[in-house]
Amino acid sequence: MDAKQQKTFVGIVLIVVLGAAACCGLTVAIGAFVAWQEAQQLAGAPDAGSRRATAQKPPPDSEPDDAVAPPDDSALRQQFADEILAGLADAGRDDYVYQSATYDLVADGGAQISLENLYDEYAARDEDQRPDFVDRTIRGFFPQEVPASWDRAAPDVVVTVRDRIFVELLAIRSDKPLDVLQRPLSDDLVELVVYDGPDSMQYLNEDHLADWGKNADEVFLQGRKQLAARSKEPFTSPAPGVWESPWADNHDIGRAVLFETIRKLKVKGDPVLFLPQRDHLLVTGSNDPDGLLAVADLVSERLELPRSNTGRGWRLTKQGLSPFIPGRDDEILTVLRVDAIAKDANEQKKALDEKYAKDGTDLFVGTTLFTDDDDGKQRTYCVWTKGADTLMPKAEFIVFVDLDMPEPDRVVAAAPWDAVMKKLGPKVVPDESFWPVRYKVTTFPDKKTLGVLGTHPFFNRNKE
């Protein structure tokens, strides 16, 4: 494999890695978290705050006694890993090693393939379809080269859409500045352009522009034209007032850029777009309560599919796309949005932890954690720990923890984010080189300030 092919392969592997993180799980009790925090500092235990299957055990009374454990699929998971390893070896890459703890393949040069999302697709297929899926997956790791001729490449140049966290994670994990053609669609959404090969998509960069003698605007325009040409079929209507893309060609969420097509859909108010899974673009109206309720259920269902994306939505106005903020009565959509924001922060945490472990940076990256308030609504919180330089994510609450205190008294304050910023703003330094923005803290508040902030009643009762 020559240097150019190796560079392409590593890039594709990075892209595969980023599809793995998912966000799921239940609430996290303060007591359980403090125990985890102590173990994290004293024993180097793995982070348990990402709300995946490895999250902390919930309080004993939060799970029924007759709860049934999920079926054990360890044998099938091992079989899939073995088949991917064998396929890579046949293709000349026999340097990958299987890591069962993280369900990853890692190569000598540091390249990493996360198997989680790929396994979900593998397991969802009938047994006789799985060999073909493995073959196509292996071919996808070794994509054909992008043609150096614009005339040959142009018919397969297509735009796509990703959450902004996608490119942010690529940048964190890259050893040099990220070279991917991109432009913002909103604060948390980006438009990319790809060469759509038979088995994989390759993200285009400045080198491709130089080969073709084209600028970025010309390539993005071509990508939109090609996507529009592939999008002539009408949207389907899975529920009154709700529309869904019919193509299922891995480009459905990319069609979020086809504003004129979306504006022709009959909805009440502004179109509201959801991109829960790569083959599903859902649209309803901002002034349609029934449509929003129906789309919430559909988004939740689509998020259960392999290669799920995000539960947040975007509103299409005359100015373009902007984040959709659900109303007070849109409970499910609110939960989906909060969950998506936390997922971004926790995927960022994982990438930063890996980066800092590699370069020796002594900085704790905080987790976005979840709990249920007395009214049953899901709340987010982060932890400010005494004695630890920390990059905190933004959350609804900040919980202050002093590990020098006896275990029952380690939560020394817990207050809403805005209240903390009013009292301690100068001690909290936003770092906008990160997205989502992280907030660095290096000094712990004094007892008087903590006393003024107090402990929010819910956290006090939870601690007890």
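Guide: The expected span of a helix is 1.5 Å times one less than its number of residues. The model discussed here is predicted.

Visitor: What span is expected for helix α9, and what does the helix reach from its first C-alpha to its last?
Guide: Helix α9 covers residues 216–229 and has 14 residues. At 1.5 Å a residue, the expected span is 20 Å. From the first C-alpha to the last, α9 reaches a value close to that expectation, namely 20 Å.

Visitor: Do the buried residues of α9 line one face of the helix or several, and within what arc do they fall?
Guide: The buried residues of α9 are Val219, Phe220, Gln222, Gly223, Gln226 and Leu227. An α-helix has 3.6 residues a turn, so residues three or four places apart point the same way. Seen down the axis of α9, the buried residues line one face of the helix, because they fall within an arc of 160 degrees.

Visitor: Which residues are exposed on the other side of α9, and what covers its buried residues?
Guide: On the other side of α9, the exposed residues are Asp217 and Lys225. The cover over the buried residues includes the helices α6 (150–153) and α8 (206–212). It also includes the strands β4 (157–163), β5 (182–186) and β6 (189–196).

Visitor: Which residue has a side-chain oxygen that reaches the backbone nitrogen of Asp217?
Guide: The place to look is the start of α9. There, a side-chain oxygen comes to within 3.2 Å of the backbone nitrogen of Asp217, and that oxygen belongs to Asn215.

Visitor: In what order do the strands β1, β2 and β3 form their sheet?
Guide: The sheet is open, has 3 strands and is paired in the antiparallel sense. Its edge strands, each pairing on one side only, are β1 (97–99) and β3 (112–114). The twist from one strand to the next averages 25 degrees. The order is therefore β1-β2-β3, since two strands pair if DSSP finds at least two bridges between them.

Visitor: Which residue of β2 is the bridge partner of Tyr98?
Guide: Strand β1 is joined to β2 (residues 104–106) by 3 bridges, and the two run antiparallel. In β2, the bridge partner of Tyr98 is Leu105.

Visitor: At what angle to β1 does helix α3 run?
Guide: Helix α3 comprises residues 74–90. It lies across β1, β2 and β3, and its angle to β1 is about 160 degrees.

Visitor: Does Asp95 count as buried or exposed, and which residue joins it by a side-chain polar contact?
Guide: Asp95 lies in the loop between α3 and β1. Its relative accessibility is 18%, and so Asp95 counts as buried. Leaving aside neighbours within four places in sequence, Asp95 is in contact with Val106, Ala107 and Asp108. The side-chain polar contact, of 3.1 Å, joins Asp95 to Arg93.

Visitor: Is Ile325 buried or exposed, and what is its relative accessible area?
Guide: Ile325 lies in the loop between β13 (320–323) and α12 (331–359). Arg315 is 10 residues away from Ile325 in sequence and 8.6 Å away in space, C-alpha to C-alpha. Ile325 is exposed, with a relative accessible area of 54%.

Visitor: Which residue in the hairpin of β15 and β16 takes a positive phi?
Guide: Strands β15 (residues 369–372) and β16 (residues 378–385) pair in the antiparallel sense over 4 bridges, and Asp372 stands opposite Gln378. The hairpin has 5 residues between the strands. The residue with a positive phi, near 85 degrees, is Gly376.

Conventions: Residues are numbered from 1 along each chain as its sequence is written. This is a predicted model: local features need pLDDT of at least 70, side-chain atom pairs count only at pLDDT 80 or more; totals for chains, interfaces and linings use all residues. Side-chain values use heavy atoms; hydrogens and water are left out. Axes are lines fitted to C-alpha atoms, for helices over the stretch in contact, and angles run from 0 to 180 degrees between N-to-C directions. Contact means heavy atoms within 4.5 Å. Buried means under 20% relative accessible area, exposed over 50%, partly exposed in between (1.4 Å probe, protein chains only). A polar contact is a pair of N or O atoms within 3.5 Å; within protein, one must be able to donate a hydrogen and the other to accept it, and residues adjacent in sequence count only if both atoms are side-chain atoms. The arc is that of the directions from the helix axis to the C-beta atoms.
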